[in-house]
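Hello,

Here is the structure for you to look at. My notes on it follow below.

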Amino acid sequence: MTRPFIRPELAARLRPWRELAAAALTLVAGGWLFSLGGLLFRPLGAGVMLAAALWALGAWRRRRFAAEIAAPGLVEIEEGAIRYFGARALGGEIALRDLDQIRLLRLDGQAHWRLRSRTGEALLIPVQAAGAASLADAFAALPGFDLGRAAAALAAGQAFQTVWERRP
């Protein structure tokens with residue numbers, strides 16, 4: 001029997017920080033390129049460091065979306081549509097272009113995204129459903145969506161908060 005390289009408990013605690021660690025390592029690599037000097041390596045290193053810094057900022061904001069899977073159902077984002085397949089409740093689908101409003105609700109102590117379409121249809125998605133972390137990238141594609149505001153709403157314990165609304 002082989003022993004794992006790292007303890008499973010430690011691996012589970014470090015898993016949410018993977019993307020941020022990769023961005024930090026890329027930032028260090030860009031710094032190394034920049035330190036080589038010259039007309040080629042300085043701009044190249046500066047570009048890599050800038051890209052890594054933007055990546056790290058996005059990773060830091062998306063980290064709050066990554067929650068332990070503790071709710072039933074599965075979230076899938078495909079071809080510009082958000083689909084939720086509920087295990088106990090009804091699921092549904094809303095196209096990103098039809099989204100009108102995103103709210104964060106807390107029902108029975110559990111956080112849920114409430115997505116409303118232009119026609120008034122609503123889709124309730126538990127934050128802890130499998131695949132719900134991918135909603136950060138889908139939401140970021142919406143005009144005027146602030147990922148930092150959504151991350152702050154997740155951290156706050158408010159029962160009801162509007163995170164985004166489409167401007168007319």
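Leu 44 is partly exposed, at a relative accessible area of 42%. Partly exposed lies between buried (under 20% relative accessible area) and exposed (over 50%), with a 1.4 Å probe and protein chains only. Leu 44 sits in helix 3.

A word on the source: this is a predicted model, where local features need pLDDT of at least 70, side-chain atom pairs count only at pLDDT 80 or more, and totals for chains, interfaces and linings use all residues. Residues are numbered from 1 along each chain as its sequence is written, and side-chain values use heavy atoms, leaving out hydrogens and water.

Helix 3 covers residues 38–63. Helices (H or I, at least four residues) and strands (E, at least two) are DSSP runs, numbered from the N terminus. From first C-alpha to last, helix 3 reaches 36 Å. That is close to the 38 Å expected for its 26 residues; the expected span is 1.5 Å times one less than the number of residues.

Which residues of helix 3 are buried? They are Gly 45, Ala 52, Ala 56, Gly 58 and Ala 59. Helix 2 (18–35) is among what covers them.

Now to strand 2 (residues 81–85), which holds Arg 83. Is Arg 83 buried or exposed? Arg 83 is buried, with a relative accessible area of 18%. Its side chain makes a polar contact with the side chain of Glu 93, at 3.0 Å. A polar contact is a pair of N or O atoms within 3.5 Å; within protein, one must be able to donate a hydrogen and the other to accept it, and residues adjacent in sequence count only if both atoms are side-chain atoms.

Best wishes

Definitions and conventions: Contact = heavy atoms within 4.5 Å.
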